[in-house]
Amino acid sequence: MFPDYQYSKNLFKKYNLELSEDAYNKFAVYADFLVEYNQNVNLTAITDGEEILVKHFLDSVLICRYCDIPQNSSLIDVGTGAGFPSVPLKIFRPDIKITLLDSLNKRITFLQLLCQKLEIQADFIHGRAEDFGKNPLYREKFDIACARAVANLSVLSEFCMPFVRKQGIFISMKGFSENIENARNAVEILGGSLENPVDYSLENEGRRIVRVIKISHTPTKFPRNSGQIKKKPL
């Protein structure tokens, strides 16, 4: 059972976020469809309504609080999975233009159906980040690239940074376990500047947002193929 509007509104208010009734209604539809679709296609291990609200929706939207996202920003979500964090961000900030990239077509199909249900506009890419990061239609075309993934920051940076325009930002959602300083060299090779991370608590669970500012163009030899990226991180 998805929590009611008043509960959800109070939860968001606790984090200095104002949840409108329209956004709440979209979140409720999202949660129901996610749980239903998840019975046939493995999208998430989290199926309890309150946990979906906190760990998927609120966690995604908190990017707005901890990162400066200008009006009408273009955002690509690399390895988006079930749409986190980009689709909740779009619900909360309809001005943001989102592109959803995932290597599994069954996830893209889910996201297309979801966005139809939510009546929100999005672009969809079925493919690998290392391929589309070299494509002139997508390379350095986005204000923001984001990823909520378990791969280390060096690896994620090579997958994501090629999409970010100069003066844009790469946002990585992490836990506390990784020493992000280990990725500083990789970030700089790819044209970025690693900012101090933002640490926060999500209902008593530690979270970290890592921000990388794109200060120069990514060298054309990056991204390498996925095997090289994973075997020999920068």
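A crossing of two helices is called left-handed if the near helix is turned anticlockwise from the far one by less than a right angle, and right-handed if it is turned clockwise. By this rule α1 passes α3 in a right-handed crossing, where helices (H or I, at least four residues) and strands (E, at least two) are DSSP runs numbered from the N terminus. The structure is a predicted model, in which local features need pLDDT of at least 70 and side-chain atom pairs count only at pLDDT 80 or more, while totals for chains, interfaces and linings use all residues. Residues are numbered from 1 along each chain as its sequence is written, and side-chain values use heavy atoms, with hydrogens and water left out.

Helix α1 (residues 5-14) packs against α3 at an angle of about 40°, the two axes being 11 Å apart; axes are lines fitted to C-alpha atoms, for helices over the stretch in contact, and angles run from 0 to 180 degrees between N-to-C directions. Therefore α1 is oblique to α3, since angles under 35 degrees count as roughly parallel, over 145 as roughly antiparallel, 65 to 115 as roughly perpendicular and the rest as oblique. In the contact (heavy atoms within 4.5 Å), Tyr7, Ser8, Leu11 and Phe12 of α1 meet Glu50, Leu53, Val54, Leu58 and Val61 of α3.

Helix α2 (residues 21-38) also packs on α3 (residues 49-66), with axes that come within 11 Å and cross at roughly 125°, which means that α2 is oblique to α3. This crossing, too, is right-handed. On the α2 side the contact is made by Phe27, Tyr30, Ala31, Leu34 and Val35, and on the α3 side by Ile52, His56, Phe57 and Val61.

Pockets were located on a 1 Å grid over the protein atoms alone, a pocket being an open set of points where a 1.4 Å probe fits, with protein on both sides within 12 Å along at least five of seven lines, and lining residues having an atom within 4 Å of a point. The largest pocket has a volume of about 940 Å³, a volume being the space filled by probe spheres set on the points, which are joined across faces, edges and corners. Its lining comprises 36 residues, and Val78, Gly79, Arg148, Ala149 and Val150 lie nearest its centre. Helix α3 gives the most to this lining of the largest pocket, with three residues.

The second largest pocket has a volume of about 150 Å³, and among its 13 lining residues Asp68, Pro70, Gln167, Gly168 and Ile169 are the closest to its centre. Strand β5 supplies the largest share of that lining, four residues.
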